[in-house]
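Welcome, and please open the structure in your viewer. We will go from stop to stop, with something to select at each one.

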Amino acid sequence: MTTQGSRPSDRHGVGLNTDHYELTMLQAALRDGTADRACVFELFSRRLPEGRRYGVVAGTGRLLEAITELRYADTELAWLQECGVIDRATADWLADYRFRGDVTGYAEGELYFPGSPILTVESTFAEGVVLETVALSILNHDSAVASAAARMAYAAGDRPCIEMGSRRTHEEAAVAAARAAYLAGFAKTSNLAAGQRYGVPTAGTAAHAYTLLHDTEADAFRSQIEAFGLDTTLLVDTYDIAAGIRTAIEVAGTGLGAIRIDSGDLAVLAHQSRAQLDELGATQTRIVLSGDLDEFGLAALSGAPVDAYGVGTSVVTGSGAPTAGFVYKLVEVDGRPVAKRSEDKTTHGGRKTAVRRHRSTGTAVAEVLRTQGTPTQQDGDRALQAAYVKAGEPVGSWPTLDDSRAHLRHVLTTVPWEGLKLSRGEPAIPTTYEEAR
């Protein structure tokens, strides 16, 4: 990405995150004179993924950077013209593109529900329409991962979860997924790029290949301990788990940091392994479980003697809901509400303002939305939208990843207890629309 205020010339820019049909609309609007009409776009979800009771907003920080830094490289514009996607006039307009509008939205780490106006873009039609794909691609992916990860972290209780899913998704999606999982309560990631870019704590140990490399399991364990010390985690299920544990303690002694089991009936194996470790005197050696775990598997292990979990495929793919299902819709033109009327895809016109209503105990009871003004204030109401970009410039300092992580921890404590269940159910907090006065 470029620094703010600059425009790439001969290197690959980020402008081609724009979709073909967005540029079709842009070119037509530039021709007919509607490109500069004042518009409001909103990003929201019509419904939660099947059976989910809440969603978690994630990716806002990445998106805000993308919006403020979005530029079109000369090479990209030349290619678009060569392919007949845009004409010269549109290319000239895009060559000077920078977003000059306003962006408000829910905090990263906030909960969302059907209809929640997660992101609001106020700008000309032209400036706002080219943001649709980049906004949806970032927020749909990151929020899907964070929503799944929050359920997993809750199911794991006080046992830390390590994100280990990089091998199960696209290389760049892996970095974003690690960030989103950490935001949602995971303790660490095995993805080193996420550690370097976002400061997510990293952790990892050897895989089965390292054991197979050596002539004996003992040789592999001895080598790993010599390289990383006794606090390392030894993978003991390459051949026979009970034998692997015996070998690990013979090589490392009773001060071994941890063992990891990656296959089999994990609940049974955890109990057997704990008993064996204690019998061998390794009472402080921790047990880490991994292997196709999701929130339901983690909940099923709540009674097992486990110290930490490694979670891979399920978290980076949203545990069955790989997209949050967000849409990006035009809701206002020149101050006039506009709305789609298609069956099953109806939208509410006009810019929305949102508050979350709470009982005196702090428990959330409703997401209240209103157009043409703000909801009638009641004690315990909390405004959900904050200003992030004004006239194209960042507003203040955006929340850090750790700020967002702490915010989610707090808002989850306001959800009614039944809203945290893993079973299928209605949204934990209902959305209501307040009529304009």
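Start by selecting Asp-231, which counts as exposed at 55% relative accessibility; here exposed means over 50% relative accessible area, buried under 20%, and partly exposed in between, with a 1.4 Å probe and protein chains only. A salt bridge is a side-chain nitrogen of Lys or Arg within 4 Å of a carboxyl oxygen of Asp or Glu. The pair links distant parts of the chain, 55 residues apart: Arg-286 sits in strand β10 (residues 286–290), and Asp-231 in the loop between α10 and β8 (233–235).

Before moving on, note that this is a predicted model, in which local features need pLDDT of at least 70, side-chain atom pairs count only at pLDDT 80 or more, and totals for chains, interfaces and linings use all residues. Residues are numbered from 1 along each chain as its sequence is written, and side-chain values use heavy atoms, leaving out hydrogens and water.

**Zoom out**

Now show the whole chain, which has 15 helices and 19 strands. Helices (H or I, at least four residues) and strands (E, at least two) are DSSP runs, numbered from the N terminus. Of the 437 residues, 53% are buried. The C-alpha trace spans about 80 × 55 × 40 Å along its principal axes.

**Two salt bridges within helices**

Next, select helix α4 (residues 88–95), where Arg-88 and Asp-92 are four residues apart, about one helical turn. They form a salt bridge, the closest N and O atoms lying 3.0 Å apart. Then go to helix α10 (residues 217–228), where Arg-222 and Asp-219 are three residues apart, also about one helical turn. Their salt bridge has its closest N and O atoms 3.3 Å apart. The structure holds 22 salt bridges.

**A buried glutamate**

Which loop holds Glu-110? Look between β3 (102–106) and β4 (111–112). Glu-110 is buried, with a relative accessible area of 1%. Its side chain makes a polar contact of 2.6 Å with the side chain of Arg-356. Such a contact is a pair of N or O atoms within 3.5 Å; within protein, one must be able to donate a hydrogen and the other to accept it, and residues adjacent in sequence count only if both atoms are side-chain atoms.

**Strands side by side**

Select strand β1 (residues 38–45), where seven of the eight residues are buried. Six bridges join β1 to β5 (residues 119–124), running antiparallel, and seven bridges pair β1 with β12 (residues 326–333), also in the antiparallel sense. Leu-43 stands opposite Tyr-328 in β12.

Another place to look is an open sheet of four strands, in the order β16-β14-β15-β19, with mixed pairing. Two strands pair if DSSP finds at least two bridges between them. β15 (residues 364–371) runs parallel to β19, with four bridges, and Leu-369 faces Tyr-433 in β19.

**Last stop: the core**

Finish with Leu-111, Leu-289, Tyr-309, Val-315 and Leu-408, which touch the most other members of the largest nonpolar core, a set of 63 residues. A nonpolar core is a set of buried Ala, Val, Leu, Ile, Met, Phe, Trp, Tyr and Cys residues joined through side-chain atoms within 4.5 Å. Helix α6 (residues 132–156) gives the most to this core, with eight residues.
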